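Subject: Handover of a structure

Hello,

The sequence and the structure are below. My notes on what was found follow after them; please read them with the structure open.

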Amino acid sequence: MSGPFFARDHYNRLMSHPAPRLEDDVIALRRWDESDIEDSVVACSDPEVIRWIPRIPTPYSEQDAREFLALADNGWEDGRSFSFAITERASGRTVGSVGVTVNGSIGDVGYFVFAGHRRRGIGERALKLVSRWALQELGLARLQLWVMVGNVASARLAEKAGFKREGILRAWMDNRGTRVDAIMHSLLPSEMDGRSDDK
Ligand SMILES: CC(C)(COP(=O)(O)OP(=O)(O)OC[C@H]1O[C@@H](n2cnc3c(N)ncnc32)[C@H](O)[C@@H]1OP(=O)(O)O)[C@@H](O)C(=O)NCCC(=O)NCCS
């Protein structure tokens, strides 16, 4: 079997990949589960998340969280998107979200950290963990992420995690009915070296 957008060996590599447990000293990434629903509703109702991530529905209901869970499960099953809950190892609490969606040999990364847990290096750690895994284990040629113009925190985080700023994509995103510009960033496999444990 081969998906429409993949060479057979690349597709097989994605399909055969079990959900990894990615972790460093402070955080661990794992698949989303039912226990995350309540926290997800609170997290996705945060004005900063609504402001910078237009694809998140507002208002955000328990049903939206359940639909996300189903979507995340499907992504793992068909090997096209990989969504992780970011958990804090010391407390076991879920503190954010990070994921990669694969299109051919390119991966798109998205993330957010729950309000109350920001500015503690969690976003940077999560982005580094998922980037290394996606480039090395999924064998992607390029990882990219775009940030709405004005989202200084996210653009700085991307560069701190090793992504290079490429430029402005005009009218790239639909922000709840308005086309807005975005800043594209990318990370290539050759740029991962030496970055694994530098946080
Ligand atoms: C963007 C976001 C994920 C950052 O997560 P975080 O865990 O707070 O980030 P970190 O603590 O790892 O910060 C890493 C670097 O990013 C930059 N940064 C993070 N938050 C910042 C802020 N509010 N203002 C300016 N720079 C910021 C800093 O350079 C920081 O390094 P430093 O603390 O050593 O100066 C978080 O603010 C968030 O979830 N925002 C709302 C949703 C969102 O914008 N998602 C991204 C959509 S593209």
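Ala171 is exposed, because 10 other C-beta atoms lie within 10 Å. The cut-offs for this term are as follows: a residue is buried if 20 or more other C-beta atoms lie within 10 Å of its own, exposed if 12 or fewer, and partly exposed in between, with C-beta atoms placed from the backbone. Ala171 is found in strand 7, and it has a positive phi of about 50 degrees although it is not a glycine. Arg176 also has a positive phi of about 50 degrees and is not a glycine. Arg176 lies in the loop between strand 7 and strand 8, and it counts as exposed because it has 11 other C-beta atoms within 10 Å. As background, most residues other than glycine have a negative phi, and most peptide bonds are trans. A cis peptide bond is found between Thr58 and Pro59, with omega at about -5 degrees. Pro59 belongs to the loop between helix 3 and helix 4 (62–78).

Before going on, two notes on how to read this. This is a predicted model, in which local features need pLDDT of at least 70 and side-chain atom pairs count only at pLDDT 80 or more, while totals for chains, interfaces and linings use all residues. Residues are numbered from 1 along each chain as its sequence is written.

Confidence

pLDDT is the predictor's confidence in each residue, from 0 to 100. The protein chain has a mean pLDDT of 91, and 87% of its residues reach 70 or more. Over residues 1–7 the pLDDT stays under 50, and the model has seven contacts beyond four places in sequence for them. Residues 195–199 also have a pLDDT below 50, and this stretch has seven contacts in the model beyond near neighbours in sequence. Two residues are in contact if their C-beta atoms, placed from the backbone, lie within 7 Å.

Overall layout

The protein chain has six helices and eight strands. Helices (H or I, at least four residues) and strands (E, at least two) are DSSP runs, numbered from the N terminus. Starting at the N terminus, the order of elements is α-β-β-α-α-α-β-β-β-α-β-α-β-β. Of the 199 residues in the protein chain, 30% are buried. Among contacts with a separation of 6 or more, 58% are between residues 24 or more positions apart.

In what order do the strands of the open sheet lie? The eight strands have the order 1-2-3-4-5-6-8-7, with mixed pairing. Strand 1 (22–23) and strand 7 (164–175) are the edge strands, each pairing on one side only. Two strands pair if DSSP finds at least two bridges between them.

Strand 3 (residues 81–88) and strand 4 (residues 94–103) run antiparallel and are joined by seven bridges; Phe82 stands opposite Val100 in strand 4. These two strands form a hairpin with five residues between them, and Gly92 in the turn has a positive phi of about 80 degrees. Strand 4 also pairs with strand 5 in the antiparallel sense, over eight bridges. In their hairpin, two residues lie between the strands, and Gly104 has a positive phi near 60 degrees. Strand 4 is mostly covered, with eight of its 10 residues buried.

Strand 6 (residues 142–148) and strand 8 (residues 178–187) are antiparallel and joined by six bridges. Leu143 stands opposite Leu187 in strand 8.

Trp76

Trp76 is found in helix 4. It is partly exposed, because 17 other C-beta atoms lie within 10 Å. Not counting residues up to four places away in sequence, Trp76 touches Ala19, Arg31 and Phe82. Ala19 is 57 residues from Trp76 along the chain, and their C-alpha atoms are separated by 7.4 Å.

Around the ligand

Which of the 22 residues around the ligand come nearest? They are Trp52, Arg118, Gly123, Glu124 and Ala153. Two or more residues of the shell come from each of helix 3 (47–52), strand 5 (106–113), helix 5 (122–136) and helix 6 (152–160). Helix 6 gives the most, with six residues. A residue is near a molecule or strand if its C-beta atom, placed from the backbone, lies within 6 Å of it.

Regards
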